[in-house]
Amino acid sequence: GIFSLLIIAVLYWFFGTEYGSTLRATGANPAMSRAQGISTSKSKVVGLVLSNGIVALAGSLLAQYQGNADINMGKGAIVIGLAAVIIGEALFGWLSRNNFALKLISVVLGGIVYFIVYSTVIYIGLDTNYLKMLSAIVVALFLAVPYWKKKYLSNANSTEKKEAKALLKAQQKEAKKKGEQ
């Protein structure tokens with residue numbers, strides 16, 4: 001936990017620097033970054049180096065924790081990482097919309113939620129042969145959450161927006177009539 005917070009703090013600091021901002025800009029909009037004079041190819045390489053360094057650190061910590069290393073230790077790790085990002089964004093995206101530090105924390109919280117679901121399934125006693133299928137189902141469900149939010153919650157917002165626009169038009173017409181008199 002503390003090590004995760006330390007990594008988040010270092011990443012938050014780095015992405016707040018000028019070069020960190022160029023990496024974020026390259027990831028968000030490479031064409032605009034090139035237009036601003038940023039070397040996007042260099043930024044992409046540095047981003048890959050940084051991400052792979054973090055993955056290597058995580059692998060070394062896992063090997064240290066388990067006391068050995070095996071070629072098969074990383075199988076399924078990409079699914080867990082993607083699940084952490086997807087679940088974190090789906091559940092805590094509203095919290096971290098404009099705050100980069102909270103986005104980083106939401107990924108860690110997504111990983112925790114993923115392992116709680118995973119542990120619950122093992123605790124319930126479901127067949128462990130189905131864990132990969134369950135992982136895929138959990139990821140698929142959390143991938144659907146933003147779609148469902150957009151579909152069902154934005155309709156309510158769009159209805160409210162239409163009503164507000166109609167009210168505004170009515171007020172403008174009324175003000176116009178008063179101005180003509």
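1. Once neighbours within four places in sequence are set aside, Thr22 is in contact with Ile38 and Ser43, where contact means heavy atoms within 4.5 Å. Thr22 lies in helix 2, residues 18–28; helices are DSSP runs of H or I with at least four residues, numbered from the N terminus.

2. A word on the basis of these remarks: this is a predicted model, in which local features need pLDDT of at least 70 and side-chain atom pairs count only at pLDDT 80 or more, while totals for chains, interfaces and linings use all residues. Residues are numbered from 1 along each chain as its sequence is written, and side-chain values use heavy atoms, with hydrogens and water left out.

3. Thr22 counts as buried because its relative accessibility is 16%; buried means under 20% relative accessible area, computed with a 1.4 Å probe on protein chains only. A polar atom of the Thr22 side chain lies 2.5 Å from the backbone oxygen of Tyr19.

4. The axes of helix 5 (residues 77–92) and helix 6 (residues 100–124) come within 7 Å and cross at roughly 110°; these axes are lines fitted to C-alpha atoms over the stretch in contact, with angles running from 0 to 180 degrees between N-to-C directions. Helix 5 is therefore roughly perpendicular to helix 6, a label given to angles of 65 to 115 degrees. By class, their contact has twelve nonpolar, four polar and no charged residues; Ala, Val, Leu, Ile, Met, Phe, Trp, Tyr, Cys and Pro count as nonpolar, Asp, Glu, Lys and Arg as charged, and the others, Gly among them, as polar. The residues that meet include Ile80, Ala84 and Leu91 in helix 5, and Ser106, Leu109 and Phe115 in helix 6.

5. The largest nonpolar core has 13 residues, of which Ala83, Ile87, Tyr114, Leu134, Val138 and Phe142 touch the most other members; such a core is a set of buried Ala, Val, Leu, Ile, Met, Phe, Trp, Tyr and Cys residues joined through side-chain atoms within 4.5 Å. Helix 5, helix 6 and helix 7 (131–180) each supply at least two residues of this core, and helix 7 gives the most, with six residues.

6. Not counting residues up to four places away in sequence, Ile87 touches Phe92, Gly110, Val113, Tyr114, Val138 and Phe142. A second, separate core of seven residues includes Ile8, Leu11, Leu23 and Phe100.

7. Val145 has its place in helix 7 and counts as buried because its relative accessibility is 19%. The C-alpha atoms of Val145 and Leu91 are separated by 8.2 Å, although these residues are 54 residues apart along the chain.

Notes:
Buried means under 20% relative accessible area, exposed over 50%, partly exposed in between (1.4 Å probe, protein chains only). A polar contact is a pair of N or O atoms within 3.5 Å; within protein, one must be able to donate a hydrogen and the other to accept it, and residues adjacent in sequence count only if both atoms are side-chain atoms. Angles under 35 degrees count as roughly parallel, over 145 as roughly antiparallel, 65 to 115 as roughly perpendicular and the rest as oblique.
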